[in-house]
Amino acid sequence: MREGRGLTFYILTAIFALYVLFLYGPTITILILSFQGPDGGLTFPMNGVSLHWFHELFYGDTVSGIGDAFFRSLGLGLLVAFLTVVISVMAGLAFRRRFLGSNFLFYTAIASLILPSIIVSLGIALEFKIVDDTIKAIGDAYEIEWIQDNYQTIVGIFTSGLGAHLTWTLPFGLLIMFAVFNRFNPSYEEAARDLGATPWQTFWNVVLPIIAPSLVGVALFGFTLSWDEIARTSQAIGAENTLPLQLEGMTTTVTTPVIYALGTLTTAISMAVILGAITILLLVQRHRARQGSDAGKGMV
């Protein structure tokens, strides 16, 4: 006989349902309200259904600087994802063997996860200000005209902003790659070396294909964490805003559903990146399975 569920099951189910509603309710609400008609407001009930506010987002006069902020965030996110993958793989390879100070270096690398984001941002801004003051002092001391006449600051999206984002994405990438290489079977590399492969050939033809699915995950972490980062960006970005900062600024000046349209667009970009990463992962796994099947047929 089927055993009935007790009261505890229904209580926990209700708690989980409330959690899911709390987690995804705001996003769903913004998604729905972004498709209001031209006379729609910021709350329910909806006043018609249309794409009017998406048109206003790109072609209207209500919002300015969205296109530039979008491409700045996109470029920064792609660069952060690339650097996170490269540095994480290099660190993962380096930490496969213990060396003097490895534990200290490891904890130093991941300490950024527990530091307040705004403090990290302020610290990076201060560091770059010191560099600016030093360069200007050198220009004045040695009367370097180019520095005196043209130099302003090295604070910017792809300098201090990039560094701020990497302090957030790299610890996640490092932890993933450390876990991957901790389970990696070195016999594959030994077999490649026995067959005469160089260290580079071993890495490119043996190690990289095996860890490729994990690299997709690291890149996904790098891009998505950079794409919506605000706190670490706020003090270290310079004069130009990223898309999240532009969106945050709009919350105090824009009082139409165009802000919801922007929220829907940014969420759609994140979802597209996630789906793209999953697709790449499935294609990599299918390719590896096909290669394994072909190798098996060849042996037969």
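This is a short tour of a predicted model, with stops to select one after another. Residues are numbered from 1 along each chain as its sequence is written, and side-chain values use heavy atoms, with hydrogens and water left out. Because the model is predicted, local features need pLDDT of at least 70 and side-chain atom pairs count only at pLDDT 80 or more, while totals for chains, interfaces and linings use all residues.

**Stop 1: the cores.** Select Leu57, Ile66, Leu243, Met250 and Leu262, which have the most contacts inside the largest nonpolar core, a group of 18 residues. A nonpolar core here is a set of buried Ala, Val, Leu, Ile, Met, Phe, Trp, Tyr and Cys residues joined through side-chain atoms within 4.5 Å. Buried means under 20% relative accessible area, exposed over 50%, and partly exposed in between (1.4 Å probe, protein chains only). Now colour the helices (DSSP runs of H or I, at least four residues, numbered from the N terminus). Among those supplying at least two residues of this core are helix 2 (52-59) and helix 3 (66-94), and helix 12 gives the most, with five. Val85, Val89, Met177 and Val180 belong to a second, separate core of eleven residues.

**Stop 2: a bent helix.** Move to helix 7 and centre on Thr167, where a kink of about 35° lies shortly before Pro171. The bend is the angle between axes fitted to the seven residues ending at a residue and the seven starting there.

**Stop 3: salt bridges.** A salt bridge is a side-chain nitrogen of Lys or Arg within 4 Å of a carboxyl oxygen of Asp or Glu. By this rule there are three.

- Select Glu240 and Arg72: their closest N and O atoms are 4.0 Å apart. Glu240 lies in the loop between helix 10 (231-234) and helix 11 and Arg72 in helix 3, so the pair ties together parts 168 residues apart in sequence. Glu240 is partly exposed at 44% relative accessibility, whereas Arg72 is buried at 18%.
- Next, pick Arg96 and Glu189, which meet at 2.7 Å, N to O. Arg96 is in the loop between helix 3 and helix 4 (102-110), and Glu189 is in helix 8, 93 residues apart.
- Finally, show Asp133 and Lys129, at 3.2 Å, N to O. Both sit in helix 5 (residues 117-141), where being four residues apart separates them by about one helical turn.

**Stop 4: Ile28.** End at Ile28 in helix 1 (residues 7-33). Ile28 is partly exposed, with a relative accessible area of 47%.
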